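Work through these exercises with the model open beside you. Try each task before you read its solution.

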Amino acid sequence: QFQKPEDAVKYRKAAFTVMAAHFGRLGAMASDKAPFDAKVAAENAAIVETMSKLPWAGFVAGSDKGETRAKPEIWTDGAKFKKASDDMMASVAQLNAAAKTGNLDNLKKAFGESAKTCKACHDAFRKE
Ligand code: ASC
């Protein structure tokens, strides 16, 4: 899928960047910094769920070098990294389901749970 490890790094970072942009729009609504619009929330949450599935293919062997904050534990503790990625994808699927209800309280709750799974992975597997 990737010619060089740097291409894999670029790919996964791009996927996280797009995901974060749309997650951030949900966060603005979840924290009352932007007006709640159920349709906009649903659109953004659907994109977040799709994007959440993509970065993982970019964590290929040998892509722990260069322009990346990825910790070596991603490769030395693969089972734990897999669990962290599964947790994130599951919480984001729930976020998408919550957004579809059109209820702001549901969105707030699910957003908070998703943010926790983002942070758990960063704390364990991302350098400062
Ligand atoms: C974001 C973003 C992250 C997560 C994380 C949640 O909006 O870009 O990486 O939320 O900060 O703790």
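**Exercise 1. Find which helices the buried residues of helix 4 pack against.**

Solution. 
- Step 1: Helices are DSSP runs of H or I with at least four residues, and they are numbered from the N terminus. Buried means under 20% relative accessible area, exposed means over 50%, and partly exposed lies in between (1.4 Å probe, protein chains only). Contact means heavy atoms within 4.5 Å.
- Step 2: list the buried residues. In helix 4 they are Phe81, Ala84, Ser85, Met88, Ser91, Val92, Leu95, Asn96, Ala98 and Ala99.
- Step 3: look for their partners. These buried residues pack against helix 1, helix 2, helix 3 and helix 5.

Two notes on the source: this is a predicted model, where local features need pLDDT of at least 70 and side-chain atom pairs count only at pLDDT 80 or more, while totals for chains, interfaces and linings use all residues. Residues are numbered from 1 along each chain as its sequence is written, and side-chain values use heavy atoms, with hydrogens and water left out.

**Exercise 2. Decide how the buried residues of helix 5 are arranged around its axis.**

Solution. 
- Step 1: list them. Leu107, Ala110, Phe111, Ser114, Thr117, Cys118, Cys121 and Phe125 are buried.
- Step 2: look down the axis. The buried residues of helix 5 fall within an arc of 125 degrees, so they line one face of the helix. The arc is taken from the directions from the helix axis to the C-beta atoms.
- Step 3: check the other side. There, Asp105, Lys109 and Lys116 are exposed.
- Step 4: name the partners of the buried residues. They pack against helix 1 (5–30), helix 2 (38–52), helix 3 (73–76) and helix 4 (78–100).
- Step 5: zoom in on Thr117. Its relative accessibility is 15%, so Thr117 counts as buried. Leaving out residues up to four places away in sequence, Thr117 touches Asp87, Met88 and Ser91.
- Step 6: inspect the N-terminal end. Asn103 caps helix 5 there, with a side-chain oxygen 2.9 Å from the backbone nitrogen of Asp105.

**Exercise 3. Describe the largest nonpolar core.**

Solution. 
- Step 1: define it. A nonpolar core is a set of buried Ala, Val, Leu, Ile, Met, Phe, Trp, Tyr and Cys residues joined through side-chain atoms within 4.5 Å.
- Step 2: Of 27 residues, Leu26, Phe81, Leu95 and Leu107 touch the most other members.
- Step 3: trace the suppliers. Helix 1, helix 2, helix 4 and helix 5 each give at least two residues of this core. The largest share, seven residues, comes from helix 4.
- Step 4: follow one member. Beyond four places in sequence, Leu95 touches Phe23, Leu26, Ala45, Leu107, Ala110, Phe111 and Ser114.

**Exercise 4. Count the disulfides.**

Solution. 
- Step 1: recall the bond. A disulfide is a covalent bond between the sulfur atoms of two cysteines.
- Step 2: set the cut-off. Here, a disulfide is a pair of cysteine sulfur atoms within 2.5 Å.
- Step 3: give the count. It comes to zero disulfides.

**Exercise 5. Examine the phi of Asp32.**

Solution. 
- Step 1: Asp32 is in the loop between helix 1 and helix 2.
- Step 2: read its phi. The value is near 60 degrees, positive in a residue other than glycine.
- Step 3: compare with the general rule. Most residues other than glycine have a negative phi.
- Step 4: classify its exposure. At a relative accessible area of 54%, Asp32 is exposed.

Methods
Polar contact = N/O pair within 3.5 Å; in protein donor to acceptor, adjacent residues only side chain to side chain.
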